[in-house]
Amino acid sequence: MSTTPNLDLREGYTEKFGFHDTEQSVFKSRRGLDREIVAQISEMKGEPAWMRDYRLKALELFEKKPMPTWGPDLSTIDFQNIFYYVKPTSEEARSWDDVPADMKRTFDKLGIPEAEQKFLSGVGAQYDSEVVYHKIQEKLEQLGVLFLSCDHGLKEHEALFKEYFGTVIPSADNKFAALNSAVWSGGSFIYVPKGVHVDVPLQAYFRINTKDMGQFERTLIIVDEGAFVHYVEGCLPPGEQVSLGDRWVNIESVRPGDTVMDSDGNEAQVASARVRPFKGELVRLVPVSSANAFQVTPEHPVLGVRRRGLTTRRTARGTWLREIDNDALCRTRPEFIPASQLERGDFMVFPVSKITRPNERFTREVMRLLGYYLAEGSAYVHKKLHVPVVAFSFNEKERETIDEVKALILGITGKRAMEIHSPARHGTEVRVYSQDLLDLCVEHCSRHAAEKRLSKTVMELPAPLQNELLETYLKGDGSVYRKRKHTMVRAATASQALAWQLQELFARQGHYATITVRKGGKDTILGRTITRRDQYILYFSPDREKSQVRQGDGCFLVPIKRVERTPYEGPVFNFELESQPNAYVARGFAVHNCTAPTYSSDSLHSAVVEIIVKRGARCRYTTIQNWSNNVYNLVTKRAVAYRNATMEWVDGNLGSKITQKYPSVYMMEPGAHGEILSIAFAGHGQHQDAGGKVIHCAPNTTSKIISKSISKDGGRAGYRGLVKVQKGAVDSRSTVNCDALILDEKSRSDTYPYMEIEEDRVSIGHEATVSKIGDEQLFYLQSRGIPKEEAAAMIVSGFIEPIVKELPMEYAVEMNRLIQLQMEGSVG
Amino acid sequence: MSYAPELVIKDLHVGIEGKEILKGLSLEVGKGEIHALMGPNGSGKSTLANTLMGHPKYEVTSGEILFKGESVLEMETDARARAGLFMAFQYPVAIPGVTVANFLRTALNARLAPPETNGGGAMPHKRGIAPKEFRAMLKERMGLLKMDESFAGRYLNDGFSGGEKKRAEILQMAILKPEIAIMDETDSGLDIDALRVVSDGVNALAGPAMGVLVITHYNRILNYIKPDKVHVMVDGRIQVSGGADLALKLESQGYDWVRDGQEVELS
């Protein structure tokens, strides 16, 4: 065994894998809220006195203001059970040059200033409460675009910051705006100078949260005259598979509440799932085991160890790189490295599943028989005899094995198995008629060769029992041979799912098996054309001392063979876990989550977004959120638009326990235009109170609100909106369309359209509809062969089509996909 | 050669909210055959059509429906459709926001690659027709029914005129190529030109691979679609069956003679 780097991924996640270096001054405010905490937050941030006073005054307002009672019930929020602030690092980055060396290494791990990140124009990395680093692509910087954390914005551009901060949403606006004003942390500060068009969306990502942590980010966007910006939030592309512990699923099918395997090999609950459109280069990391290759966005953090600095003086062997100093590797803690920073030879962490659940039913004998079944067995109901059959095929020479299988069958089922000989093929089939055994085999190993996979129960059994299964499996589908001086073990299967499961099982035995794919396709044998399936071939050497793959405690370190970059345009996916480490396993390797706060108990998200759109400028703010269903999502979003300026909110709310969000646009000068497109989808236990507000403060201003709300499984979704035309705002035009779709009898929809019109010469249109998915609609679609669930999803997609068609293609595709996910299992 | 009818209805009793509508109806439709089912209002014609398609409102209390030799009574509506049953609706339902083309492609793919054939996983693997091939097929079939190309981009039955709705039904039939098509009062609400287009469509599709059951109140449509057999249904049962000329007799004499239980001369 090679020297083992002492890695316990379970211990002290934050210290090891957070972006900290040796000197840590982590500050976490105690639970609850009072003047002392607020003052402490301000002090920790090193804020000027005016901001401290502003916060304290806001706290007073928060305490004075009653809880709003006009909307959903918020009485269950426990303000004293929340952590309001966690400071991640001792100092915040200023500009790149100011960053101290150890800090710089941390940021280097984040990899933001790499010149190769051509597409990524702006990046905000939020760690707990604070954005630890923001970096703008040089080109944008030259244009004078500022894109920083809000904290940093205050420090670096105090005059500009102070001029606008709190002007659109004063802290006295509402209780939650007051709360945010008192404890705000993180968020983005954006300034787009006159005439500058930022033609790629600015994005914020990485938010890692502490349990019971409130999220109070603050965003301030100033779009100067004639400028344009599109701000979005947001990470793996569709098709990547993540581990649920016992099996692998496509990332896009992961939903809140699902259980996945985290980067320590433990189970973790998914708190929220996210998607965003992406255009640019994806990084494909090909490890020594090429079938474990996976793709991520360049900034996506992957748990790994850099080879650089660990190499010995010994020259490279063959085609591979210079040898690694094992002691050095041993001392190095794995860290999250952006995919784009990883190089050939760097190590990725392959965690070994730690999930163990003993089960008395699975004796050594059962496991051995299942192993044989996995390799050589088939289970079916005999067509003519109508009896359940479990059969095992062997070569007639495998007498010992045949006898063992017969003995196992007798022991397990009490039935005597028969032998069927086919001399022409030198085959012997061991066959037994047993419903119990058929059920056992099908349930825990599945049925057909290409679909064979092990059940969750088997994958979670103690490792020594699993070894019994592996042993008999290898007798069938495996081979053991000598290569040079080493013993090599090889196994082949047509089932991709099984290949990855076997890799995990071998890993639990202490062997890292590589997987390669032998592509199937048409082939000609003896003049006949046959179609071969893809074959997944696993190899490992049980006795090899030196290997490219190093074993750690609870993980393997697997070197990267190749890094490829491919252009990609389309949606990318990511999700958040309920517990730390907030990282999961993609194709066997630990990758970090990106974006979006996560909450483990009922939690509070109370952000404030202020936007100033100056003359002739345009701003679009897009969010498609899928919060965990225990989050109070109470967000105040408001924009002011000046002469001929346009502000557009595109707001999709799919998750959360309660959402109250009414993005608003104040049209301050003639020609201003405000637009709000809102989709709210409320499922079981959810209340979506969404909508928008448009305030016409000047003549010749125009606005449009389109709201679509959907409720199912007892959910409650509604539209709450205000159209206000102030005195003097003549010739203003506004149209409001709010449609509700109710999917079942248990669900509810509300419409609260408020109008305050103080001028006569205006044009106001309001249309509202409430409809139900009718049995007749479902029957009609079903009568054309479309399954009920898909039919219902189709009706819902049709319902939101008027908004979706306004979205860019990739959002539209994604929105429909999210709707389909929400609709799964929703119709009985 | 033995005759094996595609659709066999045996002594079917069907009720709705406890009230019996079909009272022992039996009928057989073979491939390549066109049957007309006629009857006065309230005789149970539409109940039969909806029951064949598996509408949840209708309860089969006894009897059997066999399609290709298999009972369909336990099958969901969508499974029946994928197996090759089709009903042209008397009142097609609007699905706002879903285009005709999108809907038809989803339906066709369901028929080509039924979910039950790929393991029924949470994310059924989609095979089915390539978009390009589908567009060509749609264009061709729409031409057959004299439909404008823009029709494919409209939302299904949303704001369609009566004639457009019925034409859309025939278009669906032309795309899905069922083995048994039930036309539930397809002729109602059609002017003579639309009736001709619809009938031409049905005639073009009918052939050895498809059986058709035309359900109608009037025999007007039978001037365009020539049935091999005509059945007269009164009070939940088929009272009389005969050749095409039976329809003429109904036209001149009404339904009363059937109701009165008179003998009728079969040609």
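Of the 828 residues in chain A, 53% are buried. The model is predicted, and in it chain A comprises 18 helices and 45 strands.

The mean pLDDT of the chain is 76, and 70% of its residues score at least 70. Among its elements, strand E38 (residues 664–667) of chain A has the highest mean pLDDT, 97, while helix H1 (residues 13–17) of chain A has the lowest, 33. Two stretches call for particular mention. Over residues 205–212 of chain A the pLDDT stays under 50, although the model gives this stretch 35 contacts beyond four places in sequence. Residues 234–250 of chain A likewise have a pLDDT below 50, and here the model has 74 contacts beyond near neighbours in sequence. Where pLDDT is low, predicted coordinates should not be read in detail.

In soluble globular proteins, nonpolar side chains tend to be buried together. The largest nonpolar core here contains 187 residues, and Ile190(A), Val613(A) and Ala641(A) have the most contacts inside it. Helix H17 (residues 788–804) of chain A supplies the largest share of this core, ten residues. The surroundings of Val613(A) can be listed in part: beyond four places in sequence, its contacts include Val223(A), Ala639(A), Val640(A), Ala641(A), Tyr642(A), Ala645(A) and Met647(A). Arg618(A) and Cys619(A) are also among the contacts of Val613(A).

Chain B itself may be described through two open sheets. One has six strands in the order E6-E7-E8-E3-E9-E10 (chain B), and its pairing is mixed. Strand E6 (85–88) and strand E10 (237–242) of chain B are its edge strands, each pairing on one side only. From one strand to the next, the twist averages 20°. At one end of the order, strand E9 (residues 229–234) of chain B pairs with E10(B) in the antiparallel sense over five bridges; within this part of the sheet, Val230(B) has Gly242(B) of E10(B) as its bridge partner. Helix H7 (residues 245–253) of chain B packs on the sheet, where it touches E3, E9 and E10 of chain B, and its direction makes about 40° with that of E9(B).

The other open sheet has four strands in the order E2-E1-E4-E5 (chain B), with antiparallel pairing. Its edge strands are strand E2 (19–29) and strand E5 (70–71) of chain B. Strand E1 (residues 7–16) of chain B and E2(B) are joined in the antiparallel sense over eight bridges, and Ile9(B) has Leu27(B) of E2(B) as its bridge partner.

Note on methods:
Residues numbered from 1 in each chain as written. Chains lettered and ligands numbered in written order. Predicted model: local features only at pLDDT ≥ 70, side-chain atom pairs only at ≥ 80, totals over all residues. pLDDT = per-residue confidence, 0-100. Contact = placed C-beta atoms within 7 Å. Core = buried A, V, L, I, M, F, W, Y, C linked by C-beta atoms within 7 Å. Buried ≥ 20, exposed ≤ 12 C-beta atoms within 10 Å, placed from the backbone. Pairing = 2+ DSSP bridges. Axes fitted to C-alpha atoms, helices over the stretch in contact; angles between N-to-C directions.
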